[in-house]
Amino acid sequence: MSNEKIALFTIFGGTGDLAQRKLYPSLFKLYQKGYLKDHFAVIGTARRPWTDDHYHEVISDSLADLNADQETVTQFASHFYYQSHDVTDAEHYRTLKKLSEKLDAQYGLQGNRIFYLAMAPNFFGTIAQHLRSENILTDNGFNRVIIEKPFGHDYESAKELNDQLTATFNENQIYRIDHYLGKEMIQNITAIRFGNNIWESLWNNRYIDNVQITLSEKLGVEERAVYYDNSGALRDMVQNHILQILSLLTMDQPVEFTENDIDVEKVKALRSLRPLKPEEVATNFVRGQYGAGDDAKAYRDEDKISSDSNTDTFVAGKVMIDNYRWSGVPFYIRTGKRLADKFTRIDVVFKRPVVNIFNHEDVRANDDAATSLDPNILTINVEPTEGFELRMNAKAIGQGFATTPVKLNYSHDAEATAGSPEAYERLLHDALNGDATNFTHWQEVADSWKFVDVIQKYWDEHQPEFPNYRPGTMGPDAADELLRQDGHRWVYRN
Ligand code: NAD
């Protein structure tokens with residue numbers, strides 16, 4: 001049976017960075033694998049007056065790193081059409097409609113349309129509205145819209161944006177990208193949790209002491225300065241990626257592995273987040289901004305950033321979940337720029353054994369039930385290493401009897417991961433299949449914003465003392481103190 005998918009892609013923002021760096025290479029990989037073949041076409045739109053020939057050169061250039069043969073690249077690029085288009089001008093949609101219908105007939109696209117909004121979100125509403133008013137949606141095939149982050153900058157703006165989109169599209173036609181959900185090891189969370197009795201049996205507050213999620217970036221703000229300065233780490237990383245990861249880690253077992261069943265459980269998990277009261281923000285969340293390092297500029301000295309900016313480039317927090325499974329287990333999260341290294345990992349720290357039979361003194365010396373034996377820790381390495389690590393206590397080799405921590409280690413081998421699809425390729429393929437499991441649904445977005453808004457509002461009303469961390473560290477000292485006050489510490493420290 002053929003795997004070929006049939007669709008017309010219309011990419012709004014076809015000249016932009018996202019389109020060139022992510023979308024064209026991902027579409028090309030789907031083409032190389034035969035998912036896209038004869039029955040697909042792409043219309044790239046943006047304001048610039050490009051010709052199709054120039055557009056083909058841009059497509060070809062965007063694939064330069066893939067070392068593909070020129071003939072395949074030329075064939076692939078011949079499916080691309082450029083249309084100069086101002087998204088606010090109704091007349092331009094009429095031209096777009098004609099071109100869409102022509103390509104539909106030419107390539108046999110069966111009325112299947114995917115609209116990719118690779119543009120600033122303030123244009124999403126007007127695009128959606130024009131797609132409807134100018135009758136660009138078809139009724140003989142599917143119509144799906146893929147949108148990029150950020151989805152609003154607080155709950156109110158997200159709701160407004162959602163209302164604009166849902167005036168044209170149903171929720172099941174809207175694919176909100178969170179590229180972390182396209183990552184191999186994030187998708188693996190569900191597999192290890194629900195595919196292994198040993199984990200799911202222990203996956204609760206009886207056995208788990210705390211969970212730590214770290215999304216660490218080594219680079220500074222780079223070319224996204226203007227956007228980032230209006231956003232900050234909390235909005236840019238916590239509201240979406242971190243809370244999505246948290247929901248996958250904490251949700252109950254879905255009845256079946258289907259989009260709807262998973263969404264139901266993720267929403268329940270997000271709705272169980274304990275909302276912070278404003279006065280609790282300062283004790284549960286830490287914000288930071290990087291200062292200057294040996295060979296790195298301070299955030300406030302970066303290009304296009306004002307010298308008194310109070311934007312957070314780091315956030316750490318303690319999140320509690322109020323349900324039977326998780327009551328009492330802190331989830332510590334952190335993310336930031338200019339940190340020690342670039343990686344994403346999840347550390348699940350289990351409770352220590354209640355008795356240390358190997359050292360009775362130790363038991364007597366501790367009122368606390370937990371002993372000095374090291375806890376078991378399951379680490380899920382999301383990137384750059386992809387794999388798992390389990391820390392256990394074992395006998396130290398040699399005479400006498402002492403215990404020592406050892407590690408069981410698994411990582412995907414480089415050969416297997418080299419051929420595995422990158423997040424955007426995976427997600428585009430899912431969208432072609434009509435599978436929105438790995439996209440964010442509206443209720444998840446809404447609940448995440450409601451949680452984050454309280455923190456942001458408190459921060460907006462209280463001046464921070466920035467800068468407060470040095471590049472190359474893991475953020476401000478207060479992020480370590482956050483765990484220390486609970487008797488914990490970060491598993492990853494530099
Ligand atoms: P970009 O500025 O490089 O591209 C924006 C595109 O929109 C350009 O093609 C531009 O010509 C077009 N455009 C602007 N105004 C227009 C108008 N009135 N009519 C028609 N076209 C117009 O931006 P980008 O980096 O490609 O980002 C696009 C979207 O993706 C944004 O929502 C961004 O937040 C999101 N995003 C980007 C990245 C990334 O890696 N670049 C990552 C995550 C999310």
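This is a predicted model: local features need pLDDT of at least 70, side-chain atom pairs count only at pLDDT 80 or more; totals for chains, interfaces and linings use all residues.
Figure 1. The buried residues of H5 are Phe124, Gly125, Thr126, Ile127, Ala128, His130 and Leu131. After H5 comes Asn135, a residue with a positive phi, near 55 degrees.

Figure 2. Although Gln110 is a residue other than glycine, its phi has a positive value, near 55 degrees. With a relative accessibility of 48%, Gln110 counts as partly exposed, because that class lies between the buried limit of 20% and the exposed limit of 50%.

**Figure 3. The packing of helix H1 with helix H3.** Helix H1 (residues 17-32) packs with helix H3 (residues 70-77) at an angle of about 110 degrees, and their axes are 11 Å apart. Since angles of 65 to 115 degrees count as roughly perpendicular, H1 and H3 are therefore roughly perpendicular to each other. On the H1 side the contact is made by Tyr24, Leu27, Phe28 and Tyr31, and on the H3 side by Thr72, Val73, Gln75 and Phe76. Sorted by class, the residues in the contact of H1 with H3 are 6 nonpolar and 2 polar, with no charged residues.

**Figure 4. The pairing of helix H11 with helix H16.** The axes of helix H11 (residues 259-271) and helix H16 (residues 442-461) come within 9 Å of each other and cross at roughly 10 degrees. Angles under 35 degrees count as roughly parallel, and H11 and H16 are therefore roughly parallel to each other. H11 contributes Asp263, Lys266, Val267, Leu270 and Arg271 to the contact, while H16 contributes Gln443, Glu444, Asp447 and Ser448. The residues in the contact of H11 with H16 divide into 5 charged, 2 polar and 2 nonpolar.

**Figure 5. Ser309 and Lys304 in the loop between strands S8 and S9.** Ser309 is located in the loop between strand S8 (285-288) and strand S9 (314-319), and Lys304 is also placed in the loop between S8 and S9. Ser309 is buried, with a relative accessible area of 4%, whereas Lys304 is exposed, with a relative accessible area of 68%. A polar atom of the Ser309 side chain lies 3.2 Å from the backbone nitrogen of Thr311. When residues up to four places away in sequence are not counted, Ser309 touches Asp229, Gln289, Tyr299 and Arg300. Lys304, although not a glycine, has a positive phi of about 65 degrees.

Figure 6. Lys149 and Pro150 are joined by a cis peptide bond with omega of about 0 degrees, and Pro150 lies in the loop between S5 and H6. Another cis peptide bond joins Glu383 and Pro384, with omega of about -5 degrees. Pro384 lies in the loop between strand S12 (377-383) and S13.

Figure 7. The domain assignment divides the protein into domain 1 (7-148) and domain 2 (181-421 + 444-484), and the centres of domain 1 and domain 2, taken over C-alpha atoms, are separated by 37 Å. Ala402 is found in the loop between strand S13 (387-395) and strand S14 (403-411). Ala402 is partly exposed, with a relative accessible area of 41%. Leaving aside neighbours within four places in sequence, Ala402 is in contact with Ala394, Lys395 and Ala396. Between Ala402 and Glu148 there are 54 Å in space, C-alpha to C-alpha, and the two residues are 254 residues apart in sequence.

Conventions:
Residues are numbered from 1 along each chain as its sequence is written. Side-chain values use heavy atoms; hydrogens and water are left out. Buried means under 20% relative accessible area, exposed over 50%, partly exposed in between (1.4 Å probe, protein chains only). Helices (H or I, at least four residues) and strands (E, at least two) are DSSP runs, numbered from the N terminus. Domain bounds come from an automatic or database domain assignment. Axes are lines fitted to C-alpha atoms, for helices over the stretch in contact, and angles run from 0 to 180 degrees between N-to-C directions. Angles under 35 degrees count as roughly parallel, over 145 as roughly antiparallel, 65 to 115 as roughly perpendicular and the rest as oblique. Contact means heavy atoms within 4.5 Å. Ala, Val, Leu, Ile, Met, Phe, Trp, Tyr, Cys and Pro count as nonpolar, Asp, Glu, Lys and Arg as charged, and the others, Gly among them, as polar. A polar contact is a pair of N or O atoms within 3.5 Å; within protein, one must be able to donate a hydrogen and the other to accept it, and residues adjacent in sequence count only if both atoms are side-chain atoms.
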